[in-house]
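Welcome to a short tour of a protein in your viewer. Open the model, switch to a cartoon view, and select each stop as we reach it.

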Amino acid sequence: MTTSSTTGGAPTGADAPLLTARGVQRKFGGLVAVDVEEFHVRRGTITALIGPNGAGKSTFFNLLTGFDRADAGSWQLDGRTVTGLPAYRLAQQGMVRTFQLTRSLADLTLEENVLLAARGQRGERLAGALFGRASWRRQEADNTERARELLARFGLERMAAEPAGVLSGGQRKLLEMARALMCEPRLLLLDEPMAGVNPRLVETLLDHIRQVRADGTTILFVEHDMDVVAGISDDVVCMAFGTVLATGSPEQVMRDPEVIDAYLGSDEPDDDAATAAGTERRA
Ligand SMILES: Nc1ncnc2c1ncn2[C@@H]1O[C@H](COP(=O)(O)OP(=O)(O)OP(=O)(O)O)[C@@H](O)[C@H]1O
Ligand SMILES: [Mg+2]
């Protein structure tokens, strides 16, 4: 006997996907940027979202995480409908993201950047109002301790009091991960966590991602490097022209003829020209 059961063929309980999405659409004028009929992320996995430039990966992330509004569709986190919820409500439900272009606040210290992620997302204000200043202070102290632990975990503790502006691209990615983990997410969405990262730091970053999964957080990440995808992912979803082309194991998806075509059609040596050509086809 397993702990899960089935209802109408859909798995429930421990076997049910952590995230499911159906019929998600987003248009920009005449351009259909996202048109995803069916998408899911299995609990406890690292799932890679791949696809050529302009495929709609970041837009899909923006919709799922409340940074943009879908024209249609619905999605569920752990069986609860979270369609269209703003980002801070999603964070409260356990769904947190990072950005393709990092968004750390350059003038704030690393510690302040990480602490900021906790404020307002775990109801501190409410706790203060309900239980008074002592409780609020205790929570602040707990938050500070957790922020310091996270900075230490990512090897940034010695820079905790430095402004985030001094960090390298790779260190900023680590800071973003620390910030996201401050909210103790069940699902962490990373948009190109390896982009702009010094190759020497990539392995470190991958180890951190594996550790986050080992700690019980499910991960969905966007990545272009197929070696990275093959090396770390349990599942892969490939998007092109806004739609899902293929879903499966890394091996299945990477030998899918449609996936190969999508990449051959865009991944020319001159990446800019290929992107422009891709945009033209969709216009
Ligand atoms: N705010 C916007 N207004 C108009 N068009 C947009 C907007 N955001 C994205 N697009 C278009 O939607 C399409 C999907 O873009 P998106 O950034 O989601 O792709 P992507 O798969 O993340 O690409 P990349 O790998 O280059 O990051 C592209 O054609 C893009 O130009
Ligand atoms: Mg993108």
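**Stop 1: two helices side by side**

Helix α5 covers residues 169–182 and helix α6 residues 199–214; their axes come within 10 Å and cross at roughly 10°. Axes here are lines fitted to C-alpha atoms, for helices over the stretch in contact, with angles from 0 to 180 degrees between N-to-C directions. Helices (H or I, at least four residues) and strands (E, at least two) are DSSP runs, numbered from the N terminus.

Now show side chains. Gly 170, Gln 171, Lys 173, Leu 174, Met 177 and Leu 181 of α5 meet Leu 201, Leu 205, His 208, Ile 209 and Val 212 of α6; contact means heavy atoms within 4.5 Å. This contact has seven nonpolar, three polar and one charged residue. (Ala, Val, Leu, Ile, Met, Phe, Trp, Tyr, Cys and Pro count as nonpolar, Asp, Glu, Lys and Arg as charged, and the others, Gly among them, as polar.)

**A note on the model**

This is a predicted model: local features need pLDDT of at least 70, side-chain atom pairs count only at pLDDT 80 or more, and totals for chains, interfaces and linings use all residues. Residues are numbered from 1 along each chain as its sequence is written, chains are lettered from A and ligands numbered from 1 in the order in which they are written, and side-chain values use heavy atoms, leaving out hydrogens and water.

Colour by pLDDT, the predictor's confidence in each residue from 0 to 100. The protein's mean is 84, and 82% of its residues reach 70 or more. Over residues 1–9 the pLDDT is below 50, and over residues 267–283 the pLDDT is also below 50.

**Stop 2: the sheet**

Next, select the six strands of an open, mixed sheet, in the order β8-β9-β10-β5-β11-β12. Why do β8 and β12 stand at the edges? Each has a single partner strand, so one side of each is left without a neighbour in the sheet. The twist averages 15° from one strand to the next.

Zoom in on β5 (residues 46–50) and β11 (residues 235–240), which pair in the parallel sense over four bridges; two strands pair if DSSP finds at least two bridges between them. Leu 49 stands opposite Val 237 in β11. β11 and β12 pair in the antiparallel sense over five bridges, and Val 236 has Gly 248 in β12 as its bridge partner.
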